[in-house]
Each structure stands twice: as structure tokens, then as C-alpha cells.
Amino acid sequence: MRKYLMAVAGGTLAGAVFTTQVAGPLLAQQVDQEGSVYEQLDLFGDIFERIRSQYVEEVKPGDLVAAAINGMLTSLDPHSSYLPPDEFSDMRVQTRGEFGGLGIEVTQEEGFVKVVSPMDGTPAAEAGMQAGDFITHVNGESVLGLTLDQAVEMMRGPVGSEIILTVVRKDVEEPFDVSIVRDMIKLTAARARLEGDTVVIRVTTFNDQTYVNLEDGLKKTVSDAGGMDKVNGFVIDLRNNPGGLLTQAIDVSDAFLDKGEIVSTRGRNPEDSERFNAKPGDLAEGKPIVVLINGGSASASEIVTGALQDHHRAIVVGTKSFGKGSVQTIIPLRGNGAMRLTTARYYTPSGRSIQALGIAPDILVEQPKAVPQAEEEEASAARTRSEATLRGSLTNDSVTDDEKRVLEEEQARAEEAAKLRQEDYQLAYAIDILKGLSAIAEAK
């Protein structure tokens, strides 16, 4: 007890000496910093008044203040911004899964608007917009020098109206125009379908409906297949999924994990850090999973991919993801507006941050470019040549009618698989992996 008291006394003494020597300069520094801030605010007031009174055209004071706030936020990172009341209202509508627009998720890079991904079934997707496209002009007007919100506002408009986007695309020499007719975007966040014995779950965004859509679609598709015993595995297609709600990413990850960490978020202060863990229960009942990603898979998509990859619950196939590893908090403000502020970074279960790095697939599979029609016809003709097509070839007299029927069914399935490879090579590759895993499991 005596030693403990001495230690406390020594600490108090040292603290007193430290305070005497350091607190004075620190206090002076704090006063200087506060004085500097007040001086800067005075400068802002001077500039505000000068613009309001002397600018060549009359400017609304409210617009000036909103622009100043947005400039302050956008100077932090590409994802922080000010949401005026109308944009805040639009954002809340979008998270519910229905809104008017083009159907593209965008960010800003090198002063231009960059497409993160077009959403399935939207006007932008149908017009051929691709992840990685740069939008340089909207209806002939340059977006260079505009904030992301200003550029997005240029792309807004009434449902049914036309917009012309000037696009710069990698591997295309000249910029080109894309005409899009704005429409009401109604998103089904997740759809499930059967491809042979494989359940393919396409997740287009993470809104309030994502987990419900996924669970309902998965159960119905498994039932249509004849039960889980008839299913060889699942493909979760997250390509061109720009992300969305963190809570939905956690729920979707939890759907396929029995235990362990899903994601952790770390803010500026250690006490703001959070960790989210999986609860017992796996909708896929342990069946193998392949996750498909590409450069348009961002944010919440990367959380799901990272969780399943780190827990070795899924094989990740495709190309490197977008690399958005930050969390934005929507903070309502007076006047019915809000600010979107980056408040944390997120980390996968292994502790890695994917910020600006993305998630590398376990198996890199590029989506091949379309083959010219003439070359495809020539290749198809070459594939159909066989012994049976040769004049005068011997027939096979050892095959029964039943065996012949089985062979024909197998050939039909092979042709269907080949057709899918032409339509979507990455998906076909993922399904082939599950077929191989299923064959190995049956042989054991």
C-alpha cells in the first residue's frame, strides 16, 4: 500500500512539473488557432458581402451559403457533400427503391463525372453505359469545374425527357454521345433464378428491400429446383453494384455466415469504432458459393465480398472491385437539408482496408469483348465438324435408345452452357466452378 501511494504521489508531482512547463505554450497555441479561425470567418464574411453587393449579377444569399457549405464538404473527399432539402428528399426516396432518373451511380475523378456502375434494367444500362465511363458533357455543356452534386443536378429532369451525355471510354479513341430518356427507376434490389442446377442471385443495389428480396427469391428458387439437395451451389452476382446501406450489406453477409466478424468500422475516435458479427443460420445450408465482382462493385458490395472471402465461405471471381472503403453518415441539418459526411473507414474480417485498393478476386476472369459475327460463324462451323459428319463414317451399333437419349440430353445441356458462355462468360465460369466442386463432392 505504501508503494502504491508513493507511485501516485510521484505521478502527481511529475504531472505538476509537466503542466508548468508545457501547458502555457499549449494554451497560447490554442488561443492563436482560435484567433486564426475567427480571422478566417471574418474573411469569409467580407467575401460574402463583396459578392452579394458587387458581383456582376444578383446572387441569392442562400445559394452562396449553400455553395460555401458544399465546397467545404467536397474539399474533404469525393463522397462528402451538402444535400439541399430537395436532394435529401430524393436520397431518402432512392433508398426505398423507387425514383426518377437515369439509373447510374457516379463519382468524380480528375474533374469529370465517372460512372461507378449502371443499374440493371434502367435507361442508362439499356443505352449501353458502362462502369468506368467518363461523362464530360451534359447536353453539350461541359461538367469540368463543377462539383459532383452540380453535375448530377444537370442530369436530373422530368420523366420522359431526353438527355445527351458525351462519354469518354477506355479503348475507344474518340468521345461519343449517348442519348438517354429519363424514366422512373423501380429497382428490385435482388433477383434469383436457376441456371441448370445453380441458383444465381443478382444483387443490383443495397436499399431497404435488398435482404427481403434476396431471402424470398432464394427460397422460391430453391423450391422450384426441387429442394436444396437438387442445388449444386449459389452464385452471388455483385457486378456493377454501386453499394448502398451498410445495414443491408451486413444482413446479406450474415445470410451466408454462421459466425464470426462481418465488418468493422473505425472512426476518428476509438470509442466510435464498431464491430458487426454474424448470427447462426446460413440460407445456403453450407452449399458452395461463388461471388462475381468487377470494377463497378463498390462499397456495400465490397463489404459482402470481403466478409465471404475472408471467412473462406465463397470463391471470388471476376476483376478487381472499385475500392471504396469509407462509410458516410447522413446528418440532418436545420432547414430540412443534410450533409453526407465521411465518418469512418471499414475493414474486412481479416483487418484489411480496401480503400483505393479494391478487392482482388481469387480467380481473375475478364469479360471478353464481343466477337465479330463472321468470326463467330466460322468458329461455330469448326465446332460442329466431327467423325459423325464425315461421308461414309461407321455408325455406332452398341448404343441403346435409352443411352442415345441420355447422350442427347447431355449434349443439349452442354450447348446451353456454351450459349451462356457467349452471353456472359464470367457467370458461365462461376457456374462451371460449382459444377466441378459438386462433382468432387459426389466422388468422395
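**Salt bridges, a mixed sheet and an enclosed helix**

In the predicted model, Arg 169 forms a salt bridge with Asp 133, and the closest N and O atoms are 2.8 Å apart. Arg 169 lies in the loop between β7 (162–168) and β8 (176–181), and Asp 133 in the loop between α4 and β5 (134–138), so the pair ties together parts that are 36 residues apart in sequence. Arg 169 and Asp 133 are both buried.

The count of salt bridges comes to 16. One of them joins the side chains of Asp 120 and Arg 202, with an N to O distance of 2.4 Å. Because Asp 120 lies in the loop between β4 (112–118) and α4 (123–126) whereas Arg 202 belongs to strand β11, this pair ties together parts that are 82 residues apart in sequence. The two partners were assigned to separate accessibility classes. Asp 120 has a relative accessibility of 30% and therefore counts as partly exposed; Arg 202, at 11%, counts as buried.

A further salt bridge is formed by the side chains of Arg 239 and Asp 424 (2.7 Å, N to O). This pair links distant parts of the chain, 185 residues apart: Arg 239 is in the loop between β12 and α7, and Asp 424 in the loop between α10 (401–423) and α11 (425–443). Arg 239 and Asp 424 are buried. Through salt bridges that share partners, Asp 120, Arg 202, Asp 237, Arg 239 and Asp 424 are joined into one network.

Strand β11, which contains Arg 202, belongs to an open sheet of six strands with mixed pairing, in the order β10-β11-β12-β15-β16-β19. At the edges are β10 (190–195) and β19 (363–364), each of which pairs on one side only. The pairing between β11 (residues 198–203) and β12 is parallel and extends over five bridges. Within these strands, Val 200 stands opposite Val 235 of β12.

Two helices were examined for their packing on this sheet. Helix α6 (residues 210–225) touches β10, β11 and β12, and its direction makes about 20 degrees with that of β10. Helix α8 touches β12, β15 and β16, and its direction makes about 130 degrees with that of β16.

Helix α8 (residues 300–310) is largely enclosed by the rest of the structure, because 11 of its 11 residues are buried. After the helix comes His 312, which has a positive phi near 55 degrees.

Positive phi values also occur in loops. Most residues other than glycine have a negative phi. Asn 240, although not a glycine, has a positive phi of about 60 degrees; this residue lies in the loop between β12 and α7, where Arg 239 is also located. Glu 285, likewise a residue other than glycine, has a positive phi near 50 degrees. The position of Glu 285 is in the loop between β14 (274–277) and β15. With a relative accessible area of 59%, Glu 285 is classed as exposed, because the cut-off for that class is over 50%.

Methods: Residues are numbered from 1 along each chain as its sequence is written. This is a predicted model: local features need pLDDT of at least 70, side-chain atom pairs count only at pLDDT 80 or more; totals for chains, interfaces and linings use all residues. Side-chain values use heavy atoms; hydrogens and water are left out. Buried means under 20% relative accessible area, exposed over 50%, partly exposed in between (1.4 Å probe, protein chains only). Helices (H or I, at least four residues) and strands (E, at least two) are DSSP runs, numbered from the N terminus. Two strands pair if DSSP finds at least two bridges between them. Contact means heavy atoms within 4.5 Å. Axes are lines fitted to C-alpha atoms, for helices over the stretch in contact, and angles run from 0 to 180 degrees between N-to-C directions. A salt bridge is a side-chain nitrogen of Lys or Arg within 4 Å of a carboxyl oxygen of Asp or Glu.
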